[in-house]
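Hi there,

Here is the structure I promised to pass on to you. Have a look at it first, and then read my notes below.

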Amino acid sequence: MTFYIDSRKTGSSRQISDRLKKCILHHPGKWREIVFLCIGTDRTTGDCLGPYIGQQLKGHAMQGISVYGTLSDPIHALNLEKACADIRKYHPQALVIAIDASLGQKKHLGYVTIANGALYPGAAVRKELPPVGDIHITGIVNTAGVLEHLTLQTTRLSTVIFLADKITQGILNAIPSSCPVQTFIQKL
């Protein structure tokens, strides 16, 4: 089941946090750390949501948490498979939470989606990339339709930043930096 959260509504960060915790609860005991796989590129405004969130998360030292994909070191179509191989190699017991920008219906512009299961990066622009993650979070940055590449290039930066800030705050509320992942697991 995919949860849709309107980021413009009061309490949206808390809703993101609550939904993320519920998704994490579907993966008990099978993991020892969390990896955030933040997908996108800083070269296209609409596609920088993931790397921007990764940049923010990287600034919060969290024990047992790793972040792949930042503004200075983005994970995109050209290096996604290598990043996934690195995660499997260096974090074999990790719960992977994939984050990416997405396009959607006009009524869902500005919404955040959270669900268990893999993310299919590049689907909006018809790229065939491997599915990634145990849980996925997307921010709907613009409307789907024709010329998706152009749509992503002309997406308002303010929309992306607003969504990214809400998602980051929700993640930080769900997984406090003062709480090691093992303690967090026990508290769930």
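Thr 113 is buried in this predicted model, because its relative accessible area is 6% and anything under 20% counts as buried. You will find Thr 113 in strand β5, which covers residues 111-116. The side chain of Thr 113 makes a polar contact with the side chain of Thr 138, at 2.3 Å. Leaving aside residues up to four places away in sequence, Thr 113 touches Thr 2, Phe 3, Tyr 4, His 136, Ile 137, Thr 138 and Ile 140.

Next, please turn to the helices. Helix α1 (residues 12-25) packs with helix α5 (residues 157-174) at an angle of about 55°, and their axes are 7 Å apart. The two are therefore oblique to each other, and α1 passes α5 in a right-handed crossing. On the α1 side, the contact residues include Ile 16 and Leu 20, while those of α5 include Ile 167 and Ile 171. Sorted by class, this contact has five nonpolar, six polar and two charged residues.

Helix α2 (residues 49-58) also packs with α5, at an angle of about 45° and with the axes 9 Å apart. So α2 and α5 are oblique to each other, and α2 passes α5 in a right-handed crossing. Among the residues making this contact are Tyr 52 and Ile 53 of α2, together with Val 160, Ile 167 and Ile 171 of α5. Here the classes come to 11 nonpolar, two polar and one charged.

Definitions and conventions:
Residues numbered from 1 in each chain as written. Predicted model: local features only at pLDDT ≥ 70, side-chain atom pairs only at ≥ 80, totals over all residues. Heavy atoms only, no water. Axes fitted to C-alpha atoms, helices over the stretch in contact; angles between N-to-C directions. Helix = DSSP H or I, 4+ residues; strand = E, 2+ residues; numbered from the N terminus. Parallel < 35°, antiparallel > 145°, perpendicular 65-115°, else oblique. Left-handed = near helix turned anticlockwise from the far one by under 90°. Contact = heavy atoms within 4.5 Å. Nonpolar A, V, L, I, M, F, W, Y, C, P; charged D, E, K, R; others polar. Buried < 20%, exposed > 50% of the residue type's maximum accessible area, 1.4 Å probe, protein only. Polar contact = N/O pair within 3.5 Å; in protein donor to acceptor, adjacent residues only side chain to side chain.
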